[in-house]
Amino acid sequence: MKSAAMDVALFCRLNMNRKNMHPLRLSEMGVLLFLSLPCTGAVSPAAISSYFSISKPSAAAVLKALTENGYIDHRPSRSDGRSYTVFITDAGRHIVEDVCMEYTSAIEMVRKEMGDADFSQMIALISRANQILKDNDK
């Protein structure tokens with residue numbers, strides 16, 4: 001089990017320590033990628049906090065930075081004046097397009113080296129593991 005934990009940690013470190021050619025933190029880019037998905041649309045800060053398993057203050061800090069840079073905007077809720085939803089702006093979509101290849105280059109390299117079948121199996125297992133971890137994080 002220790003060897004497996006070290007392998008997972010090394011994989012994460014190798015991918016996380018790659019040179020970034022953009023001004024965003026990984027947490028900010030993650031939120032932009034999430035908001036850029038066609039099925040996402042506008043979401044609440046609480047939904048972002050829940051999806052990324054981060055505290056509401058941490059989510060608020062990420063959203064504030066993205067808003068200040070013009071990458072996201074917000075709309076007040078129609079049903080509750082205290083609530084709002086956030087959505088990605090054109091500038092946010094542009095930066096996602098610009099850096100998407102950078103974020104996926106290591107994964108694409110792994111896919112090419114592994115082959116499609118092994119890569120698909122790895123992604124399915126990672127997705128399953130993420131769900132298990134999320135379900136047990138409550």
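## L66 and its contacts

Setting aside neighbours within four places in sequence, L66 touches L24, E28, V31, L32, Y71 and I72. Keep in mind that this is a predicted model. Three of those names, E28, V31 and L32, turn up again on the helix 2 side of the contact with helix 4, where L66 itself sits on the helix 4 side.

## Helix 2 against helix 4

Sorted by class, that gives 6 nonpolar, 1 polar and 1 charged residues.

As for geometry, the axes of helix 2 and helix 4 come within 10 Å, with a crossing angle of roughly 75 degrees. An angle of 65 to 115 degrees counts as roughly perpendicular, so helix 2 is roughly perpendicular to helix 4.

## The nonpolar core

L66 also matters for the core list: along with L32, L35 and I48, L66 touches the most other members of the largest nonpolar core, which has 19 residues. Helix 2 (26–36), helix 4, strand 2 (84–88) and helix 5 (90–114) are the elements that each give two or more residues to this core. Helix 2 supplies the largest share, at 5 residues.

## Helix 3 against helix 4

Helix 4 (residues 56–68) has another partner in helix 3 (residues 45–52): their axes come within 9 Å and cross at roughly 115 degrees. That makes helix 3 roughly perpendicular to helix 4. The crossing is right-handed.

On the helix 3 side you'll find P45, A46, I48 and S49, and they meet K56, A59 and L63 of helix 4. The split by class is 5 nonpolar, 1 polar and 1 charged.

Buried or exposed: which is S49? This helix 3 residue is buried, because its relative accessible area is 7%, and the cut-off for buried is under 20%. Beyond its neighbours within four places in sequence, S49 is in contact with I54, S55, K56 and A59.

For a sense of distance, S50 and D90 lie 40 residues apart in sequence and 25 Å apart in space, C-alpha to C-alpha.

Definitions and conventions. Residues numbered from 1 in each chain as written. Predicted model: local features only at pLDDT ≥ 70, side-chain atom pairs only at ≥ 80, totals over all residues. Heavy atoms only, no water. Axes fitted to C-alpha atoms, helices over the stretch in contact; angles between N-to-C directions. Helix = DSSP H or I, 4+ residues; strand = E, 2+ residues; numbered from the N terminus. Parallel < 35°, antiparallel > 145°, perpendicular 65-115°, else oblique. Left-handed = near helix turned anticlockwise from the far one by under 90°. Contact = heavy atoms within 4.5 Å. Nonpolar A, V, L, I, M, F, W, Y, C, P; charged D, E, K, R; others polar. Core = buried A, V, L, I, M, F, W, Y, C linked by side-chain atoms within 4.5 Å. Buried < 20%, exposed > 50% of the residue type's maximum accessible area, 1.4 Å probe, protein only.
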